[in-house]
Amino acid sequence: MIDTIREIETPEGIALRLRAAGALPRAQAWMIDLILRVVLLCVAMVPLSLLGVAGNGLAMLFMFALMWAYPVVCEVCMAGQTLGKRALGLRVVNADGSPVAWLPSVVRNLLRVVDILPGVYAVGLVCTLVDPHARRLGDIVAGTMVIHAGELPAGQQVPEVPALPLPLVLPVDEQAALVEFAERAGQLSVHRQEELANLLEPLTGCRDGAAVRRLVAHVNWLLGRS
Amino acid sequence: MKQERFVAMHSREWDRLQAWLNALERRRGQTLRQDSALDFPREYRRLCQQLALARGRGYSHEVTERLQRIVQQGHRVLYRPPAPRWHRVAVFLLAGFPQLVRSQWRCMLAAAALFFLPALLMLVLMQWKPDLAQTVFSSEQLAGFEKMYDPANEHIGRSSGTDMQMFGYYVLNNVSIAFRSFASGLFFGVGAVYVLGANGVLIGGVAGHLTAIGYGGPFWRFVVGHSAFELGALVIAGGAGLQLGLTLLAPGRQRRGPALVAAGWIGAQLALGAFAMLLVAAFIEAYWSSIAALPDVVKFGSGGLMWVLVLGWLWRGGRGGTHGA
């Protein structure tokens, strides 16, 4: 299946499913960070300008910190999120799904210099489009990736109807397919639901709307509802 | 076991773990000091087993997604990077960094050659043909240099500004150059070669021109103090870039991906070390080099001492003894 999900096996022997974030939300997060930093610099300039030329030096030090240190410090201290990434629900993680550490964060933010070339992130954009996990060059060298941290949209409840036992024993994967059908039926058009349910006419013994209702009842039995 | 029964049996412990993790995100220190923190690894592993069971039994997404969410949150807590310690920073600067520089000595030597050869060449050429300055620099640039190093100046090395302002300027400017020369090395090393060569030509050209027109005194008195740290850092950052580019070209007995990741780690550490060196250089440049009143002996003596210190540190640092690192 073509998907942006990357499965990572943890030491506990289960697969973490990380959803890679594409170029668009990341660009938006970067814009938010940029605006924030410019505003911060402008605000800081007000008291610093009162200090005369020495304030100039402090302003340049502050600019240096915003340019190079801000993303690294934010990513490491705020669980992989700069403020812009937090607003967009993104997160930087190491390749094994653990929170990004100091050195990888330094690498990916230093190599931003390369990704940003020429002009507006052209190298980075091409790289995120080519890479299966939407990583830019800095991410590849640092061994990190940017993922969606937010939850999947809800609304996958199986509708509750009186349960109906299955007439025969189905293998586990076929049971899972039935459950998934019942979960996702709400997102499909009625005709598509009926078309899919009609494939199982030998099991249900009926067609169209009745077949869909019967399948959902079977699923309620599979889930152990009464 | 049917899904509903499974959920009914365990949902209370899932809720408890979820609540604990949420509390951890809000109030880190306080939550970690609670006794329940000790139970976390065991509870987390139980949850992992339950997720594996849920997946294996084909339970609905409602359950697996819920468990998966808690597992991801727990994974972040259990496998978070260790907190940074000042001791490690000190060990790195004193021992780890010089060791790393020596381990990459081929790239460092190449970077030094790429920088110092053009610089020396320009320095000599300028004595032989002073007119060359007009082709390398514009006349405004030349006027600026001459104003900065005019022997009549009370402060050398600058036309205006205070020590603090120049410190900020040197940090912003020099460190950005060093970081860029490392990062641009990813283009097969071309970027690093360009930055090193261009800076060599520029610095050699300025030095040659000022010496040729008789402003050599103030110029050398100004640069000798911080030159060891500044030029050393530039060469090391460029060498880190070369190392990255060469790994991309010839990864050796590794696939390119893992080889690049390893080279990136080395390069980042070298860049951070160069950053520390440039901070020292900027401090010396702003507060020591600009004092014009000191006698030559002090200026050149301290400059020579700096070179001995830097080279000795890079050559001997972290050698002998297995302490610390």
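1. Helices here are DSSP runs (H or I, at least four residues; strands are E, at least two), numbered from the N terminus. After α10(B) comes Gly214(B), with a positive phi near 90°.

2. Ground rules. The model is predicted: local features need pLDDT of at least 70, side-chain atom pairs count only at pLDDT 80 or more, and totals for chains, interfaces and linings use all residues. Residues are numbered from 1 along each chain as its sequence is written, while chains are lettered from A and ligands numbered from 1 in the order in which they are written.

3. Chain B against chain A. On the chain B side, 49 residues are in contact with 49 residues of chain A. Contact means C-beta atoms, placed from the backbone, within 7 Å. Elements of chain B giving two or more residues to this side are α1 (3–26), α3 (36–56), α4 (61–78), α9 (163–183) and α12. The largest share, 13 residues, comes from α9(B). By class, the chain B side has 24 nonpolar, 14 polar and eleven charged residues. Nonpolar means Ala, Val, Leu, Ile, Met, Phe, Trp, Tyr, Cys and Pro; charged means Asp, Glu, Lys and Arg; the others, Gly among them, are polar.

4. A helix pair between the chains. Helix α4 (residues 102–110) of chain A packs on helix α12 (residues 256–287) of chain B at about 85°, with axes 9 Å apart. Axes are lines fitted to C-alpha atoms, for helices over the stretch in contact; angles run from 0 to 180 degrees between N-to-C directions. The two helices are therefore roughly perpendicular (65 to 115 degrees; under 35 is roughly parallel, over 145 roughly antiparallel, the rest oblique). Among the contact residues are Leu103(A) and Val106(A) of α4(A), and Trp265(B) and Leu272(B) of α12(B). This contact has eight nonpolar, two polar and no charged residues.

5. A pair within chain A. Helices α9 (residues 190–198) and α11 (residues 208–222) of chain A have axes that come within 8 Å and cross at roughly 75°. They are therefore roughly perpendicular to each other. Contact residues include Glu194(A) of α9(A) and Asp208(A) of α11(A). The classes are four nonpolar, three polar and two charged.

6. Domains. Chain A is assigned domain 1 (5–148) and domain 2 (172–222). Bounds come from an automatic or database domain assignment. The C-alpha centres of these two domains of chain A lie 45 Å apart.

Definitions and conventions
Contact = placed C-beta atoms within 7 Å.
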